[in-house]
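Visitor: I am new to this structure. Please take a close look at the aromatic rings, then lead me on from there.

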Amino acid sequence: MTETAASHRKPSPTPVDWAAVRADFPLLTRQVQGKPLIYLDSANTGQKPAAVIEAVDDFYRAHNANVSRAVHTLGTEATEAYEGARRKLARFLNVRGDDLVLCSGTTFAINLVAYSWALPRLKPGDTILVSRMEHHANIVPWQLVAQRTGAVVRVAEIAPDGSLDPDALRAAMTPDVKLLAVTHVSNVLGTVNPVREICREARKRGIVTVVDGSQAVPHRKVDIAAIGCDFYALTGHKMCGPTGTGALWARREHLQAMPPFIGGGEMIKEVSFDGTVFNDAPHKFEAGTPNIAGFIGLGAAVDYLDAIGMAHIEAREAELLAHATEELDRIEGLRIFGRAPEKAAVISFLVEGAHAHDLATLLDLEGVAIRSGQHCAHPLLQFFGVAATCRMSLAFYNTHEEIEKFVAALKKARSLLA
Ligand SMILES: Cc1ncc(COP(=O)(O)O)c(C=O)c1O
């Protein structure tokens with residue numbers, strides 16, 4: 001396969017040239033509503049560097065074929081590139097490629113655990129423990145499984161600052177709890193949960209752990225092996241990769257014991273009308289033609305993030321978060337939701353007297369993209385007693401100047417609504 005832009009970016013020297021990094025993102029140069037775009041919605045989806053766009057383009061222009069089927073040259077190239085992306089992602093996360101199921105994203109990954117691991121095992125009297133700050137993708141699949149098995153879903157509450165109370169969580173790990181589903185980083189509050197300690201406590205009690213890594217993997221070095229969970233779910237589009245890509249990592253013993261979730265081609269060794277012999281994991285969970293180009297793009301995204309260095313990315317985003325928090329704290333009547341001691345670059349807020357959607361609409365007129373609403377986390381907003389919030393979320397490609405312009409636009413929007 002030809003060398004793509006994904007691999008010609010050399011590891012950045014220290015300190016990183018963030019202006020050059022930003023220039024890698026073609027979309028960030030566009031205008032919105034006649035103003036330069038200020039994209040503050042990366043928790044929703046991340047922007048894509050040219051390296052990723054070129055990798056997808058190159059696949060369709062020069063290598064397009066189906067994977068794991070044809071012996072011809074294109075088929076071999078496509079399979080090698082697709083499996084190469086799995087290997088890259090596995091190395092990035094410090095796990096074995098064979099234990100990484102490629103799928104459409106976190107939602108699919110968690111549903112795979114729900115239907116393939118939990119559904120055949122849970123029974124009346126069992127409890128699934130989830131935290132208050134979960135995304136709906138880490139709540140609704142458990143409710144569906146509970147309905148069908150007679151298990152119940154119980155909530156581990158959070159403290160007012162948006163952190164999980166470790167003592168309360170430990171106390172909630174009673175003998176009936178068979179599974180604990182917790183997010184690594186909250187998409188609304190930015191809270192970084194101590195998943196390593198949580199999984200250690202759960203493991204001592206024989207509780208299987210599912211960690212939602214959607215908002216962690218794009219922003220910090222994630223070493224799944226060190227976390228010690230049973231399952232780790234992630235999504236590609238928030239980490240500079242294409243939409244419709246993601247993965248589930250699982251302990252080998254679970255992958256071997258779990259039945260396939262979706263049946264079809266690619267996931268079998270042999271099929272007859274007397275029965276089917278399934279392929280080995282991870283392929284037995286990957287029925288049908290996958291998003292080949294998307295995963296090749298995800299492989300390029302991993303190369304890209306790796307070249308900058310996750311430690312650099314984490315430090316840069318911490319700096320941007322501190323700046324944005326300081327600026328927002330100066331605005332009278334602005335309330336920030338989520339003040340956990342360890343926080344990723346996500347700020348949910350409300351401004352007294354202004355509806356979240358009105359603010360987001362007025363900000364859009366200034367070229368500023370933020371999200372408003374419930375952020376797929378209704379139970380969390382219920383905890384805070386609010387119907388919606390504004391959420392600005394940063395990535396390493398944002399700038400301090402953008403934060404200042406955003407704050408100026410917010411003040412202007414507020415004055416229009418007063
Ligand atoms: C914490 C969290 N979990 C799960 C998801 C669902 O990810 P996807 O829609 O890519 O499957 C998201 C996406 O917003 C998220 O932020």
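**Rings, ligand and backbone**

Guide: The count comes to 13 aromatic pairs. Here rings of Phe, Tyr and Trp (its six-membered ring) pair if their centres lie within 6.5 Å; planes under 30 degrees apart are stacked, over 60 edge-to-face, and the rest tilted. This is a predicted model, in which local features need pLDDT of at least 70 and side-chain atom pairs count only at pLDDT 80 or more, while totals for chains, interfaces and linings use all residues. Residues are numbered from 1 along each chain as its sequence is written, and side-chain values use heavy atoms, leaving out hydrogens and water.

One of the pairs joins tyrosine 115 and phenylalanine 261. The two are stacked, 5.4 Å centre to centre, with 10° between the planes. Tyrosine 115 sits in helix H5 (residues 106-118) and phenylalanine 261 in the loop between helix H10 (252-257) and strand S11 (268-272), so the pair ties together parts 146 residues apart in sequence. Helices (H or I, at least four residues) and strands (E, at least two) are DSSP runs, numbered from the N terminus.

Next, the ligand. There are 13 residues around the ligand (a heavy atom within 4 Å). Thr107, Asp212, Gln215, Thr235 and Lys238 come nearest. Polar contacts are N or O pairs within 3.5 Å. The side chain of glutamine 215 puts an N or O atom 2.7 Å from a ligand oxygen. For the side chain of histidine 237, that distance is 2.8 Å. Threonine 106 uses a backbone N or O atom, 3.3 Å from a ligand oxygen. Alone, the ligand exposes 400 Å², and the protein buries 86% of that (Shrake-Rupley method, 1.4 Å probe).

Now the backbone. Most residues other than glycine have a negative phi, and most peptide bonds are trans. Cysteine 240 is not a glycine, yet its phi is positive, about 75°. Cysteine 240 lies in the loop between strand S9 (231-235) and strand S10 (246-250). Alanine 281 and proline 282 are joined by a cis peptide bond, with omega about 5°. Proline 282 is in the loop between strand S12 (275-278) and helix H11 (292-308).

Notes:
Polar contact = N/O pair within 3.5 Å; in protein donor to acceptor, adjacent residues only side chain to side chain.
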